[in-house]
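Let's take a walk through a protein together. Keep the picture open as you read, and look up each part as we come to it.

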Amino acid sequence: MTISNQQARYFLLLKHGLIGEHKFQGKQGVMDYVKQTGCIQYDPIDICGRNAELTLHARVKGFTKQTLYDLLYKDRLLLDYPDKNTAIIRTEDWPYFERSRTAARNRAAEHPELKALMEQTIAQAREKGAVSPDDIKLYSDFEWRAYIVWSSGKNLSSSVLEQLYGTGDLIIHHKKGTRKFYDLSEKHIPKSLLTAPDPLPGEPEYLKWRMQRFIGAVGMLRPQLPNTIWNIKAELRNKIFAELLEEGKIAAVTVEGIKSPLYLLTKDLPIMEAAQNPNAHPPRCEFLAPLDCFLWDRKIIKDIFNFDYTWEIYTPAAKRKYGHYVLPILLNDRLIGRIDAATKNIWYESEIKPTAKIKKEIEKCITRLKKFNRR
């Protein structure tokens with residue numbers, strides 16, 4: 001299949017619910033979107049809303065920060081969980097990550113001192129309920145940092161809690177700002193999920209599942225992108241894509257101006273068909289989160305939208321071209337510029353003439369964002 005650059009743009013925007021009438025609405029819309037993407041990347045920085053909140057704000061009609069909090073910590077339909085880095089997933093996807101929990105348990109079992117600390121922590125959590133690191137009292141004279149994979153140099157209580165989060169014994173019960181409170185998984189996750197066997201025990205099937213999940217999150221994927229995340233060798237990666245193509249689960253597409261083929265899920269082919277008629281989709285203006293999965297493949301964004309985006313938060317201040325928390329501005333099917341969420345400074349792309357109509361649409365976005373943040 002060969003498509004135009006415009007059709008590729010409309011496909012990605014329709015897939016992500018970023019153009020036309022909102023296809024995601026309310027709590028169910030959040031769940032539908034997370035099902036489509038597999039996960040939403042979490043980041044704790046809050047300049048104008050955290051990354052996950054901004055991602056949903058751009059797509060889900062009627063979304064509020066409380067909506068996400070309720071789904072995570074009251075309804076328990078969503079779960080803080082590592083997927084693509086720190087993320088939010090559907091609770092029902094718990095069984096698919098059993099291999100990572102098993103690996104964490106096996107590592108812990110090799111060190112009796114660590115196992116003892118974990119048992120102490122579980123006992124204290126069972127007695128006290130949801131606990132933060134300050135609520136757990138532990139002492140150890142062995143070099144625990146060498147054995148706790150999840151420690152990241154934190155204190156002992158925090159590291160053991162995260163180790164138990166990795167083994168699946170604990171989940172994040174709730175957060176106060178960025179402060180995590182943990183509780184026993186058995187109290188909040190249905191037993192049917194906790195005891196479910198790994199649905200993908202074989203490595204090939206697991207990798208194919210991960211690849212389809214990744215393609216579904218981005219929309220169209222370059223096969224090289226997963227290498228930067230999972231460090232898959234080219235031979236194995238090509239084998240996975242070949243098998244998925246043969247099984248009819250993905251389709252290859254060539255976009256004008258891009259040499260290498262891109263891949264999409266076969267079930268998304270109707271969206272590709274709808275993308276042939278751009279006039280059927282009313283324009284929208286949205287600000288996009290820095291870690292929005294729409295932006296995960298920056299090269300595709302550069303090739304298809306002619307928009308070169310770098311999140312400059314980790315760039316030394318003196319070397320920043322824009323600002324440390326700059327959001328891309330989407331208007332209709334174009335990324336027309338970027339806005340600094342803190343200062344409201346706007347930089348338009350060189351080919352964009354900021355007409356009164358464009359400025360009015362951006363001002364509407366700013367007003368919605370202020371309302372969203374109650375500012």
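We will visit a pocket, some cysteines, a helix and a few loops.

This is a predicted model, in which local features need pLDDT of at least 70 and side-chain atom pairs count only at pLDDT 80 or more, while totals for chains, interfaces and linings use all residues. Residues are numbered from 1 along each chain as its sequence is written, and side-chain values use heavy atoms, with hydrogens and water left out.

Let's begin with empty space. Rolling a probe the size of a water molecule over the atoms shows where such space is left. On a 1 Å grid over the protein atoms alone, a pocket is an open set of points where a 1.4 Å probe fits, with protein on both sides within 12 Å along at least five of seven lines; its lining residues have an atom within 4 Å of a point. Grid points are joined across faces, edges and corners, and the volume is the space filled by probe spheres set on the points. The largest pocket here has a volume of about 740 Å³. Its lining has 25 residues, and H57, E286, C365, R368 and F372 lie nearest the centre.

Which helices and strands supply at least two residues each to this lining? They are β4 (60–61), α4 (65–73), β11 (285–287) and α14 (356–372). These names come from DSSP runs numbered from the N terminus: helices are H or I with at least four residues, and strands are E with at least two. The largest share, eight residues, comes from α14. By type, the lining has eight nonpolar, seven polar and ten charged residues. Here Ala, Val, Leu, Ile, Met, Phe, Trp, Tyr, Cys and Pro count as nonpolar, Asp, Glu, Lys and Arg as charged, and the others, Gly among them, as polar.

Next, the cysteines. A disulfide is a covalent bond between the sulfur atoms of two cysteines, counted here when the sulfurs are within 2.5 Å. The structure holds zero disulfides. Take C39: its closest cysteine sulfur is in C293, 7.5 Å away, which is too far for a bond. Both C39, at 3% relative accessible area, and C293, at 4%, are buried. Buried means under 20% relative accessible area, exposed means over 50%, and partly exposed is in between (1.4 Å probe, protein chains only).

Now find helix α11, residues 234–246. Its 13 residues reach 18 Å from first C-alpha to last, close to the 18 Å expected; the expected span is 1.5 Å times one less than the number of residues. Within α11, R237, I240, F241 and L244 are buried. Seen down the axis of α11, the buried residues fall within an arc of 95°, so they line one face of the helix. That arc is taken from the directions from the helix axis to the C-beta atoms. An α-helix has 3.6 residues a turn, so residues three or four places apart point the same way. On the other side of α11, E235 and E246 are exposed. After the helix comes G248, with a positive phi near 75°.

Finally, let's look at two loops. Most residues other than glycine have a negative phi. N332, in the loop between β12 (326–331) and β13 (334–340), has a positive phi near 60°. K344, in the loop between β13 and β14 (346–348), has a positive phi of about 65°. N332 is partly exposed at 23% relative accessible area, and K344 is partly exposed at 34%.
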